[in-house]
Amino acid sequence: MIIVLKPNITRRQENAVLKEIQKLGYEPHVMRGVARTVIGAIGDERTHASLETLTAWPQVESVMPVQKRYKLVSREAHPSSSTVKVSSNVILGARKFHVMAGPCSVESEKQLMATAKVVKQAGATVLRGGAFKPRTSPYEFQGLGEKGLKLLAKARQETGLPIVTELLSEQHVDLVAEYADILQIGTRNAQNFQLLIAAARTGKPVLLKRGLSMRIEEWLLAGEYILANENPNLIFCERGIRTFETYTRNTLDLSTIPIIKNESHCPIVIDPSQGCGRADLVMSLCKGAVAMGADGLLLEVHPNPAEAWSDGAQQLTFDHFTRLMREIKPFLAAAGRD
Ligand code: PEP
Ligand code: MN
């Protein structure tokens with residue numbers, strides 16, 4: 001940590017800070033400049049009290065970390081890009097681009113099977129579908145629960161597509177991990193640290209959505225919980241953040257693609273469906289995401305969006321999805337992806 005002292009403080013005030021740093025278990029190194037004094041404090045913050053308390057001292061101007069707060073997810077720790085293996089032919093973060101598609105919620109066998117077949121035919125490599133749904137209102141459809149997971153397993157058996165589904169609560173970890181190939185942590189749970197730890201401990205790939213109002217550093221730190229719990233299989237998923245804009249449901253932040261690629265070695269996929277909340281905008285956002293170097297997409301597709309039990313306005317029809325899969329091809333080629 002670097003502790004910057006205010007200008008014109010007395011030697012006595014400076015000594016008091018040095019003493020406190022030592023008392024907290026760190027070794028202080030003083031650098032006296034012309035205008036002000038800076039102290040470098042050496043020690044492991046995990047085993048000592050935090051030096052941030054010094055910001056409350058009147059003679060201290062600021063306390064700054066020297067290292068990034070996230071370590072294992074950072075590119076410094078792992079300069080080459082990581083890949084996450086989901087199945088023998090689904091490896092996220094490699095040259096092959098992956099589209100994860102399916103309904104927002106699993107509603108029935110007929111709805112899921114029809115969608116699974118169409119998305120596979122169009123080129124999707126992972127089937128999505130929510131069985132436990134995080135709904136804003138308790139009076140809205142909450143998902144089919146285990147029945148939905150069983151239907152997903154059946155769809156996997158019929159199509160060969162691995163499945164990504166949301167893990168909503170610690171209470172369901174074993175159940176959901178038994179069925180899912182990728183555990184989705186939703187935006188509302190992105191900083192539910194106990195859930196992140198429990199998800200990590202299953203060893204399954206974890207797709208971590210960005211929280212509704214999460215800063216990128218907070219998102220990286222949430223990802224750190226997965227890697228710090230011995231699970232290297234982390235996939236970031238940008239799904240839009242809450243802003244003042246009401247034209248779209250959320251504001252999809254595509255700048256996260258180059259930022260996550262610079263800061264981290266983990267793959268990133270984009271979810272334009274939750275990102276904009278409008279089926280008519282999804283195609284353009286997908287093209288942008290592909291061109292900007294995303295490793296995959298997460299898309300909502302429904303046989304009849306007008307009758308969907310959740311997120312009807314943003315789900316794509318079969319025709320729309322099939323056209324989208326065709327139209328992103330030149331963008332994939334331009335980005336050097338298969
Ligand atoms: C979803 O994928 O249907 C979903 C609920 O996602 P999010 O957590 O991003 O809102
Ligand atoms: Mn949805």
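Helix H6 (residues 216-228) and helix H7 (residues 256-263) have axes that come within 12 Å and cross at roughly 50 degrees. That angle makes H6 oblique to H7 (under 35 degrees counts as roughly parallel, over 145 as roughly antiparallel, 65 to 115 as roughly perpendicular and the rest as oblique). This is a predicted model, in which local features need pLDDT of at least 70, side-chain atom pairs count only at pLDDT 80 or more, and totals for chains, interfaces and linings use all residues. Residues are numbered from 1 along each chain as its sequence is written, ligands are numbered from 1 in the order in which they are written, and side-chain values use heavy atoms, without hydrogens and water.

**H6 and H7**
- H6 passes H7 in a right-handed crossing.
- Ile216, Trp219 and Leu220 of H6 meet Thr256, Ile259, Ile260 and Glu263 of H7, where contact means heavy atoms within 4.5 Å.
- By class, this contact of H6 with H7 has 5 nonpolar, 1 polar and 1 charged residues.

**Manganese site**
- Cys104 (SG), Glu300 (OE) and Asp311 (OD) coordinate the manganese ion (ligand 2) at 2.0 to 2.5 Å; donors are N, O and S atoms within 2.8 Å of the metal (3.2 Å for Na, K and Ca).
- Cys104 lies in the loop between strand S7 (98-102) and helix H2 (109-122), and Asp311 in the loop between strand S14 (296-300) and helix H10 (318-327), so the pair ties together parts that are 207 residues apart in sequence.
- Cys104 and Asp311 are both buried (under 20% relative accessible area, 1.4 Å probe, protein chains only).

**Helix H9**
- Buried residues of H9 (residues 279-291) include Val282, Leu285 and Lys287.
- The buried residues of H9 pack against H7, strand S13 (268-270), helix H8 (272-276), S14, H10 and helix H11 (329-334).

Key:
Axes are lines fitted to C-alpha atoms, for helices over the stretch in contact, and angles run from 0 to 180 degrees between N-to-C directions. Helices (H or I, at least four residues) and strands (E, at least two) are DSSP runs, numbered from the N terminus. A crossing is left-handed if the near helix is turned anticlockwise from the far one by less than a right angle, and right-handed if clockwise. Ala, Val, Leu, Ile, Met, Phe, Trp, Tyr, Cys and Pro count as nonpolar, Asp, Glu, Lys and Arg as charged, and the others, Gly among them, as polar. Buried means under 20% relative accessible area, exposed over 50%, partly exposed in between (1.4 Å probe, protein chains only).
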